[in-house]
Amino acid sequence: MGTKNPDVVVAPPSAMTALTLAEMHVRGWEVKAACSRCGIKLRISLPAMIRTHGPDAVWWGRKARCPGLECQDGTLTYAARALRGGSWVSLTPAPGELALAAFQKRQRVYPGPR
């Protein structure tokens with residue numbers, strides 16, 4: 001007998017569940033970034049990202065330049081998890097048309113970062 005698997009308690013992140021930064025924030029996801037070249041790892045603040053890029057910014061399929069001082073050619077790849085101790089899911093694959101269609105049907109009421 002062991003502890004419960006966190007992925008059974010809360011489903012791992014999916015573009016169908018939360019497509020935008022605001023939806024990720026409302027669901028309480030944690031987001032991290034890692035550079036493929038220098039290995040730097042960063043914890044991402046979703047409220048700061050929402051203030052910078054807007055609540056409807058889609059972060060699935062995005063890559064950014066590494067902010068490391070010695071790293072010129074590295075790119076950051078993003079990953080998210082829905083629950084502390086849960087599985088990290090890469091945000092590298094772009095969302096499919098099914099996820100985008102589901103997003104169009106959702107009501108977008110987001111009061112802002114908390």
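Modeller: One term to start: contact means heavy atoms within 4.5 Å. Leaving aside neighbours within four places in sequence, tyrosine 78 is in contact with residues including Val31, Ile44, Trp59 and Leu91. Bear in mind that this is a predicted model.

Colleague: What makes tryptophan 59 and tyrosine 78 an aromatic pair that is edge-to-face?

Modeller: Their ring centres lie 5.8 Å apart, and the limit for a pair is 6.5 Å. Tryptophan 59 is in the loop between helix H3 and strand S3, while tyrosine 78 is in strand S4, 19 residues apart.

Colleague: Why do you call the contact of glutamate 30 and arginine 81 a salt bridge?

Modeller: N to O comes to 3.1 Å, and the rule asks for within 4 Å, so the pair qualifies. Glutamate 30 lies in strand S1 and arginine 81 in strand S4, so this bridge ties together parts that are 51 residues apart in sequence.

Colleague: And how do you know that arginine 84 and glutamate 30 meet in a salt bridge?

Modeller: Here the N to O value is 3.9 Å, which still falls within 4 Å, so this pair counts as well.

Colleague: Why is arginine 81 called buried, but arginine 84 exposed?

Modeller: Arginine 81 has a relative accessible area of 13%, and buried means under 20%. Arginine 84 is at 66%, and exposed means over 50%, so each label follows.

Note on methods
Residues numbered from 1 in each chain as written. Predicted model: local features only at pLDDT ≥ 70, side-chain atom pairs only at ≥ 80, totals over all residues. Heavy atoms only, no water. Phe/Tyr/Trp six-rings, centres within 6.5 Å; stacked < 30°, edge-to-face > 60°. Helix = DSSP H or I, 4+ residues; strand = E, 2+ residues; numbered from the N terminus. Salt bridge = Lys/Arg side-chain N within 4 Å of Asp/Glu carboxyl O. Buried < 20%, exposed > 50% of the residue type's maximum accessible area, 1.4 Å probe, protein only.
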